[in-house]
Structure formats: C-alpha cells, structure tokens
Amino acid sequence: GESLPPLRVDPALLGAPPLRTPTASVPAPVGAAPAVSVMPVPPQPVPIPVVAPRPVVAPPQAVPTEAPAPGVVHVEAERIEGKSGVETVADGGVVLKKGGNVLMADHLIYREAEDEVDATGNVHLRRDTDAMTGPHLKMQLEQSLGFFETPLYAINRPPLQKPGQPPREAISGQGKAARLDFEGEDRYRFSDVTYSTCKAEVDNQDWYAKAKSLSLDYQKEEGDADKVTVVFKGIPILYSPWLSFSLNNERKSGFLVPTIGGTSQSGMEATIPYYWNIAPNMDATLSPRLLSKRGLQAVGQFRYLGQGYQGEVAGEFLPQDRVFNGDRSAFSMLHQQDFGRGFGGSLNLNRVSDDTYFTDLSTRLSNIAQTNLLREGRLFYNGGWWSTQMMAQRYQVLQDPSQPPAGIPYDRLPQVTLSAVRPDLPAGMVLNLNGEFVKFSHPDQTLAQGRRTTVYPQFSLPLQTAAFYLTPKIGLHATRYDLERQVPGLDTSLARNVPIVSVDSGITFERDMQLFGRNLLNTLEPRLYYLKVPYRDQRQLPLFDTGLVDFNFAQIFSENIYSGGDRLADANQLTAAVTSRVIDPVTGSELVRVALGQRYYFSDQNVTLPGMAPRTGHMADYLAGMTASLGQGFSLDSALQYNPRDKQMERFNFSGRYQPETGKLINAGYRYTRELLRQIDLSGQWPVMNGWSAVGRYNYSFKEKRAIESIAGLEYNSGCWSTRLVVHRLATAVGRTSSAFFVQLELNGFSRLGSNPLDMLKRNVPGYGRWIEPAADPVFGAQ
Amino acid sequence: CGFQLRGSSDLPFETLYIALPESSELHAQLARTVQASSRTRVVGSAAEAQAVFAVTADNQSKNILSLSSAGRVREYELVRSFAFRVHDAKGQELVPAGQIVLRRDISFADDQILSKENEEALLRRDMQNDLVQQLLRRFTAAKQLQK
Amino acid sequence: ERADRNQPVNLEADRITADDARKIHVFEGKVVLTQGTLTIRADKLVVSQDAEGYQKGIATGGPNGLAHFRQKREGRAEYIEGEAERIEHDAKSEKSEFFLHARVRSGSDEVRGQYVIYDARSETYLVSNGPGGSTLPSTRKQPAPERVRAVIHPKNREESSPSAPVAAPNPAN
C-alpha cells in the first residue's frame, strides 16, 4: 500500500540542537549494504480530508475583500435596522464579516450583548477554506459556539507531501449533515453526516461515507467519527464502529483499512492493521491476520529514527498453524547508525522458522523467490583516505522440497577489510592498498574451512590532461590460507603471491553536432587497457566466495574474471573499447551512449573453476551496448555479447519503452543468454475508453515454452473513485503456477479497500509506479 | 569528421563543499575526481565554499529482472536514482538541479550468493564511477551557461 | 436628549426669510441651529411649526454637499452624528430622516446607505435604499450604491459589565 508519511526527528525529544533538515539522509554504510535513505512512509490511516477552496454553493455575489479589524463586525445588506449597542437586523443579500468568518444570508439578526448572530435563508458561512451552506445558523462569533441546521459543507485538506515529489493539490471533500455544532474555536461536530471526495452534488455522489457523528478539532488537528458506513453506488461496503484520523497528514494512531483476500494455501484471509504513532520518530503497525485454513497470525512492524540512527524491526508469529501443525514465526531487523567522526554500523537480521514459511504464508512475490536469508552485522570507519570495515555474515538457506537441495554458502565470521588511497605521493604516484582477513566456516564437514588473509598494494602513476589519460599500475596480490579443515591430501596452509601489471589509457574527442534541429555535443572515447597477471597454480586453494563474473563493460576493465578472493585468473590481454555519447550541452545530461568492446588474448587461460573449460583462442567475445533516451518518452536499452570463436551469440538483451505521459506506457523486451534463458517481456498500461485503462504483462520463455509471468488488469478512474481488477499468474516451480486475483476499490483521497495489487503492478510493469521504490526492504517490507 | 580533443574541463566555481557525511564513499571519490580533473578545490565547510553540492535523493534498489521457469530469480537489475543541486551561499542555483539514473544487470544463482554479492559490489562501484563522471559533465556544462 | 425640546433654539445664518402666515422660516447660508445638545449645520434650513407648536426642520446641503446633524443620546455619554444630502428632523416624533448618502454614527457604530431614519425616543434606526422600501434616485453623477452598510463595535462583556466591587485577589483561578 501507499507508504507512511516520513518520521520526523524531534530534536527537543532528543535534547540535541535542532537538525537542519529533518529528512537529512543517514549516511550510506560503506560497501554493498543497501542504504535505506528514505524511510518508508506508513500506510495512510483512513482519512476524512478537510477544507476545499471550492465551496459547494458559490457565494451569492462578490464578497468585498477587506477583512474587518479584529472584533469589529461589518454588515452589508439591502436594509438594516436595529437599536444601537443592542441589536441589528439586516435583510436582503446580507453579508456579515467578522475575523476570518464571512457569513451570507437572506435575513440576519445580530445581538451585540451575546455577540450572537442568527441567520436564516440560504445561509452561507466561509471560514478560511471551509464552506458551509444551509437554511439556518445560530452562532456566537467570538466564542464560535452555536449550530448550523442541515448544512451542506465543503472542506479541504493539505495533501501528503512526499519528499522530492511534485507538490499535490489539496484533497477536497464535501457532504451534508443533519446538524453542525460549533464547539469552540476551530472545533466542529457534524451529526448524521455524509462525506465524499466526489465533485458531484451531494445527492448523487458515486460514493460517500456516512457517520453518526464526525468531530474535527483543528487545534489538536484530529478527527473522530463513529458508526461509519461507506456506501458505494448505494451499496454499504464497509462499516467501522469508530475511526480516528489526522487532519494535517501527520501520522495518527488509528485503524487502517482492513484488507480481505485469499490464497490457495491459506484459504480466506483478513488483516486489520492498527497504526500506532508512538512518537514523532517512532511508530508501529500491528496487524492481526486471520487465515481460515491456518489460524490467527500476529504481524508487527516497528520503525524508529533518531539522531544519526534509524531502523525497522518486523516480526510475525502464527501459533499452531493447522496445516503445518506447529508454531511458525519470522523475524527481520534492519538498523543503521552513524556514530559520528567517520564511524558507522548496520545490522540486517532475517530469520524464519521453517523452509516453506514464505511459500505458505506470504503473498509478497519477492519473498517467494528468496532462498537465502541474510544475517549480517557491519561496523565501519572511514578516515577519508582510508576506510576499514568489520562484518559478520551468515545465511539461512530455505530448501524448497520441490527443488534440488540448494548449496549452503560459507559463513564469514568475521570479515575485516581495509582499503586506502594515497593520491598525493611524490611524482604524482598513487598508492591503493586493499586488505582482507576472513574466517570462513561451513556446517558440511567435507568442505574446507579456515582463515584467508589478503594484502594487495598497488602503485599507479595517473598522467592526465583534460582529453587524455595514461595510468600504468603495478601491484602485488598476496594471499595466505590457514585452514582448520582441508580436503584430504591437500595442505592446510597455502599462499599465492601474484604481481599484477596494467596500463590503462584513453582519449576523449568532442565535436558539436546537429540532430533534429537541436545542437548537441558528441564525444568519442577510445580506451585501451593492457593487463598482465602471471599464472599461479590455484587448484589446491579452496573455493569460499569465488565465481565467474558476467562479461560486461564493468568487468572487461577489471583485473580478474572471477569475483571473490579464491581465484586470480592469469591474464595477458589487451582490452579495447570505444564509447560515444550524445550530451545535451545545456544540462550536461547524457542522451545516448553507444559502447563497443573487444579483448585480445596473447595467451590461453589456465586458472579455471571446477567444471569450466579453459579458454583457448585469441579473440574474446565482442561486447556492444547502447542506452538512449530520444525524447517524447522513447528510450532504448540494449546489450550484446558475441562469441566470434564459436560464431554464436552469448548474450543479447533489448528493451524499449514508450511513455509519452504517466498512464500511457509500453515496454517491450527480449532477453537471451545462451543455454540459459530466452524470454520476451511485454508490458504496458494504456487508456482504453473513457476512464478505463488496461494494464498487462506477458513474460514468455521460449526455452521452457511457457509463460513465466503474466498479468491482465483493468483500471477505471471516475475522478473521485477508481477500481482495479487484476489477474496475476506466476510460474512457481517446474510445471506449477500460482495465480492470484486482485480486486481493489480506491476512494480517491479517502481509503483503499480490497487486495492491493499496486506493489505487484509496480514490479511487473516498469514505469507504472511514478516513484522509485526505497532501497531493498528488509524481508518483510511495509504492508 | 570534426572531432578534436576535449578542451579544459574547468568548473564554474573555484571552491566546492560536498554536503555529504565524511564517511560516505561518494564524498571521497567525488572530491578526488573534481580535484584531479579541474582547478577547483574541495573545502571542508559550506561557509568558505563558492558552491555547495547537495544530494536531494539517492535511492539504490534491486529489482527482479527475470525469473527461471522454476520461479527462481535469474537476473536482477541494480538501479541507483540520484538527484542533486549545486547552489551558492545565497541558495542561487549554479548548476541546474538534475537527476541521474544508473542501471546495471546482474545474473543470479542462489548457490553463488557470496560471489554474486562481490559482483554486485563491483557493479555498484562501476555505477558510482559512472555517476561521478556524469556529475562532472553536469558541472562543466553549467560553465557554458555562465558565458 | 429629550430635554432638548424645551431648550432655547439658537440659529445663525446669512439670510433669514420668514412667512409668519404659514409659520415657515427659511434660513440660508452657513446655517447653524443649536438647541440644547442638538446641532444642525446646513446650507439651507426650512423650519415649520405645526398647530401644537412642534417644529420640523428640513436641512439640505452643507460642507461638501452634506447637511450635518448631531445630538446626545438619552442617558448615555455618546452622541448621534449623521450627515446626508437632506436631513428632516421632527421634534414632535423625535425622528430624524437622512436622505441620499446618509451616514449615521452612534458611539463607534455606524450605518451608511441611501436612506436612514433614526427614532431618538426608541433609539432605533433603519437604513435602506429609500423610505418604505422605495429606492431613491441619487442626485449625484455616480450611481448610488443600492446596498447599505453597518459597522458595529460590540462592547465586549468586560467593559460593559458593572465594575466588580474591589475584592481580594482570588487565589483560586
């Protein structure tokens, strides 16, 4: 669902000097840990928005603008009579103004002693941006006590402003009530009230919320309604005995919209989330979830944000799952902290009670496909020119009974890395130093385990001008293994010392160019990279964390075709590439980038992974890549890897997108990896006819001759409500698919009912959602 | 064909303050690159800087790109969406506020999770190098603006 | 005030013409009439007397075309002040009528419109577009606004309530 408004750090609460910008992002920890820079925004409590500048009934005639001095009453009419200091009676298009109130009526009596006005005959009251009209109003202006009979009202509400989002206009809502009581400054109480964001006149709005009473308190900025029924096209669809919500979009404790759904594994499902706003920088969402086939599951999520730290803890507990017949639970925690002066740390713990927990209980696709649950703690220090990090990491591996058993990765308890850059050595020399100490351990007794220490100093001499650079580099990659357990027959202490020499050079050419009448900047950037790594026999070395890296533009200029530290490929090769960019000279933004790359091997490859044929031959694969945003919503992205030796395509991806405006979108993609995958992927969203728009995705695999994932959906938006009907089918195992049906009714600016397909649509149809998802959620992201 | 060597890449400001925590890798890298390829100096506080580089959004995400027929993730797409502003002491914009989105694909297999984690770090570093180069382009482009 | 009625009338004017038969006196040119707390200023004042001897005055014109009327309110320290193109004051009924660009102020409250009638005895006023619902054409060039206006300064309760007897400060509240 939509996310919660961002937490705000209340400096007073923390006794610290006020922060400059409350939403300053917590510094990203070093290394690959994803940075949660924008806190997820809590799901929106059921709001009854307030205040719209557009009154239900336009005021009879232009109202003079100048506001009376405080306490002074201005009356204007066709006839005024009265006793000075006692009473004033006005008739005919009466306009009374006092303070922020503008009151219009056919007939009006103002009693000075009680400062009370009694207005009858299409009475129209406007305060700031609230507007109410009705037959009869009696009210003490100063105290603002009184009542309004059968008013029609229009109230407005500041929108939820998401950081970095274009401002959204206010949500306006209107309705009618049997009676409105003014209960003091800025406090209204409507009884037998209806409310809707539909612009139509009060009696034929497509939907409205009916409540026995609705009280709005602008001082406390809170609203409470009881006995609320939501009626859609005449049919009551939701009843809630009591509802409270915030008037200014601040987070407010209250029940969120219950969601009802169902899956084949768990039967009917109902969740009633309660949002608890503990403090400006702490909140929690507790949502008991009833699963008809399994029992009652308690789901909780707690978020906190403090001076330099933030985090989220989520937990689920299902006592006595009737299908599984046993207790089941899950836990996830993400904590990040900046200790100041360069120190920082993060904790990312995830655990489930059994292997099939996700496939049985969770509907979020990203969990189904996950088999390794990360458990990791990091501490790091960044001293500017050098930084170090200590990490402890394990994975919980979930075995899927229908699949061959997945390999269990090594634990790294701990891993200490060091990296330093001294760019200012004499004669322009630059020292890069990378060090690593890791203690690997593994439950399988037949696998090697022990400590690996690596030190890799490199000296380089970057010669650089604006257009040209030449960077010779020489380094010594030294690694030692002290193994507690080793494959029988191999030594337990091993070493590998390899000198690495490389020369990187590049030239940048530029020229002005005209395209479609726009003058652009076109660059041509050839690059040559020579790498020499002598052969070292590494067959005795264990394989802890090493694998073959995809062959792409990031890899062809790196020193090793393997990732991790257990294998250092021998190399004597020259890599050539040329990149051409088209740049908008005004903003400097890159519109088109085309790159070609090739590598020439002077010697065969000897260091291999088990089961991998060593490469012979001199020509590496050709690499080509192109990304282009061509304007009017067109963009292309394509990459190709061609193997000239065996004259076959290793990898070819193409994806195009046409998105002239939000709501109109077509994606077309083809992904091919030799012997691994050949898929097409079409997705899009397009208006069909008035108000209706279709959304869909078709991801077909030619290799397996079946649809991997397909979506078909229809969305209707009538301006004040919208509905989505989406069918989603996903291949979950060889020959097995799981399909889900989403029906959702969204009362714009009010609430959403039914199962929410928005997350799934955003993932499946890129460009469907307008905002970029926050960094990778912990396993149980926001509702 | 009209190509000539790229001219000097001076920036429209002599001193720059990078409004990022000291412990962020991007801060160290951007500072190194700016000072290596132009005469601009990176200073320690906004007060003494002609220009302040402020990050308005920096989201890194990892989206599933393709699934195997067994419903397992086969490829991820690493995305980094970066938005920034460069303004002077009075808040005047020196470089037009912009957004840079970087994408890299990475194949995935469940049993190579450790090596894929290292590969992801390699790609994230490559994205950051690309980001820093594009930022430099944006700064130098703003120079033409001033002329 | 009611006592004005039997106060001596003092009148100044540039010219006075009297018609004793019909008991009409016409005063012209910077006319000032004072009787007790009542003063009327105008360019021209026509005073007539009825059978029982009550006087009725019609004042027209004056500084920037408006006749001026001022009288103290009964038992109050406040004054009623009014101006209009034509003011008719009837001592018998104690009513004053203000015609065209009328503006009457009582204390800090004020009413404006085409026609105002003020009854000193009941201290009530009525302001509208013309007597009895009619609409008076305006003699001036620009169209007279057909709406009337009132500005009321409600005496907030503390001021008007009788002053509290001097009591020891109440520690409770």
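Predicted model: local features only at pLDDT ≥ 70, side-chain atom pairs only at ≥ 80, totals over all residues.
The contact between the chains draws on 80 residues from chain A and 57 residues from chain B.

**Buried area**
- Chain B and chain A bury about 5700 Å² between them, and 53% of this area comes from carbon and sulfur atoms.
- Of the area that chain B buries against chain A, 12% is supplied by Phe3(B), Ser69(B) and Leu114(B), which is more than any other three residues supply.

**Salt bridges and polar contacts**
- Six salt bridges are counted between chain B and chain A.
- One salt bridge joins the side chains of Lys116(B) and Asp550(A), with an N to O distance of 3.5 Å.

**The side of chain B that touches chain A**
- The elements of chain B that each give two or more residues to this side are the helices α1 (25-37) and α2 (113-146), together with the strands β1 (4-5), β4 (51-67), β5 (73-87) and β6 (93-107).
- Among these elements, α2(B) gives the most, with 17 residues on the side that touches chain A.
- By residue class, the side of chain B that touches chain A divides into 20 polar, 19 nonpolar and 18 charged residues.

Terms used. Residues numbered from 1 in each chain as written. Chains lettered and ligands numbered in written order. Heavy atoms only, no water. Contact = heavy atoms within 4.5 Å. Buried area = accessible area lost by both parts, 1.4 Å probe. Salt bridge = Lys/Arg side-chain N within 4 Å of Asp/Glu carboxyl O. Helix = DSSP H or I, 4+ residues; strand = E, 2+ residues; numbered from the N terminus. Nonpolar A, V, L, I, M, F, W, Y, C, P; charged D, E, K, R; others polar.
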